[in-house]
Amino acid sequence: MASPTVLSSSPEMAGPPVLTPWFRRDGTRAAIVAALFHAVLTMYGYLTERLLAGPLAATSTARYPRPLLSPISHTERWDALWLQGVAEGSYARDPQSAAFYPLFPGLARGVSEATGLDLLLAGLLVNVVATGFAVYALLRIGRSHLPGRWAWLLVGLFLTTATAYFLHAFYSEAVFCALSFGAYAFARERRWAPMGLCLILAGTSRVTAVLVVGLCFLEFCRAYGWRPRAVLRPALLWFPASLLGFAGYALALRIVTGDAFAMFSGYGPGRHWAFNVFTPNVPETLAGNVVTAWDAVTGATPLTATVLADSILPLLALAVLLATSVHLLVALRADGIPLAALGIASFLMFTLNGNLIAVHRYTLPCLSIYVSLSLLAAHRWSARPFVAALALGNVLLQGLMFALFAANLWTG
């Protein structure tokens with residue numbers, strides 16, 4: 001084993017004999033990156049919340065009131081209030097809150113009760129840990145697809161995505177990303193049991209876990225050469241078993257609310273999220289949002305935060321999702337089918353509700369985007385300026401959207 005006392009052949013680059021091998025571990029680096037990411041967003045959110053105190057007061061409503069200011073009160077916006085309600089037992093009081101799955105609020109409440117911390121701070125700790133696991137899983141995925149240190153590009157693209165600040169808010173994004181990335185990383189390594197456990201837990205986090213189940217199933221088929229007889233092995237049972245998470249949640253809702261499918265009760269006419277109605281005419285949905293976005297950009301109608309979050313950014317996110325999915329098929333051929341299918345299936349699932357509200361946030365866990373762009377940069381010099389420009393644009397957008405979020409404006 002090589003001596004752990006130096007980082008390079010240069011004496012001035014040498015590190016402490018104990019810390020050097022410790023820092024070289026992917027898990028340690030992932031934890032440090034996650035902690036720094038949340039530290040930066042905490043400082044940024046703290047400052048912008050106070051700078052935007054006027055708009056924050058003006059945009060507050062009875063349903064989404066202005067929070068008591070604290071160093072992390074900027075994480076408490078919009079859906080965070082619903083998730084806080086779930087952590088405090090709102091399923092019995094308000095059946096519509098069942099639209100928010102229990103894993104993240106349950107973890108936050110568990111940490112809060114175990115440590116005595118405020119629920120909001122407990123949720124932030126959960127998100128820091130979950131982000132660390134998500135980064136670590138991305139590194140494992142990247143090393144299976146990319147040469148050398150290019151795996152870190154996946155991490156960079158993920159954390160600079162325009163909606164990555166939702167990993168920091170009291171939302172379920174960080175936990176879901178950790179589980180979905182972890183499931184795929186285990187599938188790439190043919191570690192089917194931990195993959196199955198991740199899928200089961202993902203089913204208690206959000207309904208889009210079904211997309212991750214499909215991704216891992218296709219990876220399972222790819223791992224055995226797409227041969228029907230080869231996939232008929234005991235590990236295949238992990239895929240029907242992945243439904244246990246959703247089934248457990250349904251059973252809990254049946255006991256608490258009397259309706260096993262209360263997670264869908266908030267949708268449809270006359271309900272809180274009435275705008276979500278199954279609408280299979282995807283071209284019509286896209287065309288309507290294109291018109292809305294074009295009118296706002298050209299000045300025919302006002303360009304508001306709502307238009308930005310509900311039409312412009314979702315359209316851009318869907319365009320990137322579709323383009324990267326096609327690129328994966330071209331670049332990886334049969335090996336790219338699982339990730340490409342994830343992107344295409346996500347595209348369809350996100351556009352079947354007659355609107356594109358929050359779709360740019362839903363694309364945050366879509367691995368196909370990060371793998372495709374990383375492959376493009378790693379193998380084509382000419383594409384690197386484009387990928388760098390995209391990442392820079394995302395950083396600027398993230399700063400803008402997080403500031404609007406801190407001001408209590410809807411951002412997805």
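Which residues is Ser172 in contact with, leaving aside its neighbours within four places in sequence? They are Leu83, Phe104, Ser205 and Arg206, where contact means heavy atoms within 4.5 Å.

This is a predicted model: local features need pLDDT of at least 70, side-chain atom pairs count only at pLDDT 80 or more, and totals for chains, interfaces and linings use all residues. Residues are numbered from 1 along each chain as its sequence is written, and side-chain values use heavy atoms, with hydrogens and water left out.

**Confidence**

The average pLDDT of the protein is 88, and 89% of the residues score at least 70. pLDDT is the predictor's confidence in each residue, from 0 to 100. Residues 1–20 stay under 50. For that stretch the model has 18 contacts beyond four places in sequence. Where pLDDT is low, predicted coordinates should not be read in detail.

**Ser172**

Ser172 sits in the loop between helix H8 (151–159) and H9. Helices (H or I, at least four residues) are DSSP runs, numbered from the N terminus. Ser172 is buried, at 9% relative accessibility. Buried means under 20% relative accessible area, exposed over 50%, and partly exposed in between (1.4 Å probe, protein chains only). The side chains of Ser172 and Arg206 are joined by a polar contact of 2.8 Å. A polar contact is a pair of N or O atoms within 3.5 Å; within protein, one must be able to donate a hydrogen and the other to accept it, and residues adjacent in sequence count only if both atoms are side-chain atoms.

**Cavities**

A search of the whole structure finds 2 cavities of 30 Å³ or more. A cavity is a set of points on a 1 Å grid over the protein atoms alone where a 1.4 Å probe fits but cannot get out; lining residues have an atom within 4 Å of a point. Grid points are joined across faces, edges and corners, and a volume is the space filled by probe spheres set on the points.

| Cavity | Volume | Lining by class |
|---|---|---|
| Largest | about 130 Å³ | 10 nonpolar, 3 polar, 1 charged |

The largest cavity has 14 lining residues; Phe176, Val212, Leu342, Pro365 and Cys366 lie nearest its centre. Helix H9 (173–188), helix H11 (209–223) and helix H17 (337–350) each give two or more residues to this lining.

The second largest cavity is lined by Asn276, Phe350, Asn353, Asn355, Ile357, Val359 and Tyr362.

**The loop between H17 and H18**

Asn355 lies in the loop between H17 and helix H18 (359–362). Asn355 is buried, at 10% relative accessible area. A polar atom of its side chain lies 3.0 Å from the backbone oxygen of Asn353. The backbone nitrogen of Ile357 is also 3.0 Å from a polar atom of the Asn355 side chain. Beyond four places in sequence, Asn355 is in contact with Phe275, Asn276, Thr285 and Phe350.

Leu352 belongs to the loop between H17 and H18. At 25% relative accessibility, Leu352 is partly exposed. Leu352 and Asn281 are 71 residues apart in sequence, yet 7.4 Å apart in space, C-alpha to C-alpha.

**Positive phi**

Most residues other than glycine have a negative phi. Arg333 has a positive phi, near 55 degrees. Arg333 is exposed, at 64% relative accessibility. Asn408 has a positive phi, near 70 degrees. Asn408 is buried, at 3% relative accessibility.

How values were computed: 1 Å grid on protein atoms, 1.4 Å probe; cavity = no way out; pocket = protein on both sides within 12 Å on 5 of 7 lines; lining within 4 Å. Nonpolar A, V, L, I, M, F, W, Y, C, P; charged D, E, K, R; others polar.
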